[in-house]
Amino acid sequence: MSGAPDNAIEVEHVTLELGGRAILNHASFTVRTGEFIGVLGPNGAGKTTLMRALLGLLPLSGGSIRVGGEAVVRGNPSIGYMPQIRSGLAGRRVRGRDFVTMAADGHRWGVPHAGAAIRADVDRVLDLVDAHALAARPLSELSGGERQRLLLAQCLLGNPKVLLLDEPLISLDPRHQTGVVDLVRRVQRELNITVLFSAHELNPLLNSLDRVLYLGNGRAALGTVDEVITKPVLSQLYGSPIDVMRVNGRIFVMSGDVEIDKLDHAHEEGDDGHEHEHDHGHEHGHDHAHKAKGKHTHV
Ligand SMILES: Nc1ncnc2c1ncn2[C@@H]1O[C@H](COP(=O)(O)OP(=O)(O)OP(=O)(O)O)[C@@H](O)[C@H]1O
Ligand SMILES: [Mg+2]
């Protein structure tokens with residue numbers, strides 16, 4: 001794409017602190033435009049915190065971040081964001097199309113009265129994720145995978161250049177996980193956008209990711225799977241001895257005899273309509289994905 005900077009995200013010596021603790025400590029890495037990056041790391045490693053910093057929702061304690069060559073700004077319209085906590089969607093009677101439109105329309109409750117430009121954009125994103133058949137159905141009748149399709153459509157409103165998808169695979173079975181990853185990959189290639197996709201499992205992403213960003217112990221390692229998913233790199237990031245095993249094209253990250261990259265999978269998600277507060281109590285407060293554009297209600 002003409003005019004797109006080579007680097008989508010530049011993180012230089014960034015320190016992020018929360019509750020007096022450094023979540024990232026002098027971390028540096030550069031994501032190139034058009035890359036699909038799998039963001040991994042144990043619970044609490046800072047995956048969500050990093051995304052919030054890219055959205056300008058968290059002040060940096062040190063260093064600098066540029067997105068699309070520009071310093072971070074809150075409400076950056078070139079970033080689409082799917083927050084990790086997406087509770088309460090399952091019980092909603094709202095039609096799929098209206099649900100997508102709400103994200104373009106300032107999160108108003110009730111049926112949105114969208115203008116022609118918004119309607120055209122909603123059609124465009126529904127096309128992109130192949131969700132026109134879902135658009136007329138109420139959210140409450142859709143499967144988790146189908147709702148995920150609509151959430152992705154919301155993130156694509158306004159043509160963002162960067163997508164931050166925080167654990168889109170949570171609560172999906174393996175077949176639907178693959179479906180979501182393939183969908184994101186297809187859309188990402190079609191639009192030549194940059195994707196940060198956080199997950200607790202590497203395997204569903206293996207065929208799609210360009211590189212992996214692994215966070216742990218305040219550090220960040222960005223590289224190919226072969227460069228990063230190794231015993232020395234992960235042992236350093238986890239701060240304890242880690243084994244990496246490859247079996248039939250799948251990769252298992254083990255600590256002792258426990259597979260750790262998919263530990264603690266079921267600790268949240270509101271598909272049952274209940275909000276499970278994260279153990280560290282983020283104040284996300286969203287209940288659906290949306291464009292970054294000036295719509296954040298949390299700080
Ligand atoms: N508002 C806050 N105040 C203090 N500490 C916080 C706050 N939000 C997050 N933290 C802490 O920051 C650390 C990083 O949290 P973050 O949610 O970014 O991790 P994560 O990698 O996304 O984890 P998960 O895999 O569980 O989603 C955690 O130790 C968490 O307890
Ligand atoms: Mg998180």
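This passage describes the fold of a single predicted chain, from its overall make-up to selected residues. Local features are reported where pLDDT is at least 70 and side-chain atom pairs count only at pLDDT 80 or more, whereas totals for chains, interfaces and linings use all residues. Residues are numbered from 1 along each chain as its sequence is written, and chains are lettered from A and ligands numbered from 1 in the order in which they are written.

The chain contains 8 helices and 14 strands, where helices (H or I, at least four residues) and strands (E, at least two) are DSSP runs numbered from the N terminus. Of its 299 residues, 41% are buried; a residue is termed buried if 20 or more other C-beta atoms lie within 10 Å of its own, exposed if 12 or fewer do, and partly exposed in between, with C-beta atoms placed from the backbone. Contacts are defined by C-beta atoms, placed from the backbone, that lie within 7 Å of each other. Among contacts between residues at least 6 apart in sequence, 69% join residues at least 24 apart.

Leaving aside residues up to four places away in sequence, L54 touches I9, I65, V67, V72, I79 and L164.

Four strands form an open sheet in the order β2-β1-β4-β5, with antiparallel pairing, two strands being taken to pair if DSSP finds at least two bridges between them. Its edge strands, each pairing on one side only, are β2 (21–32) and β5 (70–71). Within the sheet, β1 (residues 7–18) and β4 (residues 62–67) run antiparallel and are joined by 5 bridges, and the bridge partner of V11 in β4 is I65. Helix α1 (residues 47–54) lies across β1, β2 and β4 and runs at about 115° to β1; axes are lines fitted to C-alpha atoms, for helices over the stretch in contact, and angles run from 0 to 180 degrees between N-to-C directions.

H13 lies in strand β1 and counts as partly exposed, because it has 13 C-beta neighbours inside 10 Å. H13 and S64 are 51 residues apart in sequence, yet their C-alpha atoms are 6.8 Å apart in space.

Helix α3 (residues 116–128) has 13 residues that should span 18 Å at 1.5 Å a residue, and its end C-alpha atoms are 18 Å apart, which agrees; the expected span is 1.5 Å times one less than the number of residues. The buried residues of α3 are V122, V125 and L126. Seen down the helix axis, these buried residues fall within an arc of 100°, so they line one face of α3, the arc being that of the directions from the helix axis to the C-beta atoms. The face turned away from the buried side carries the exposed residues A116, A117, A120 and D127, while the cover over the buried residues includes α2 (96–104), α4 (132–135) and α5. Just after α3, D130 takes a positive phi of about 60°.

I193, found in the loop between α6 (174–191) and β8 (194–198), counts as buried because it has 24 C-beta neighbours inside 10 Å. Apart from residues up to four places away in sequence, I193 touches P160, K161, V162, L163 and Q188.

Key
Contact = placed C-beta atoms within 7 Å.
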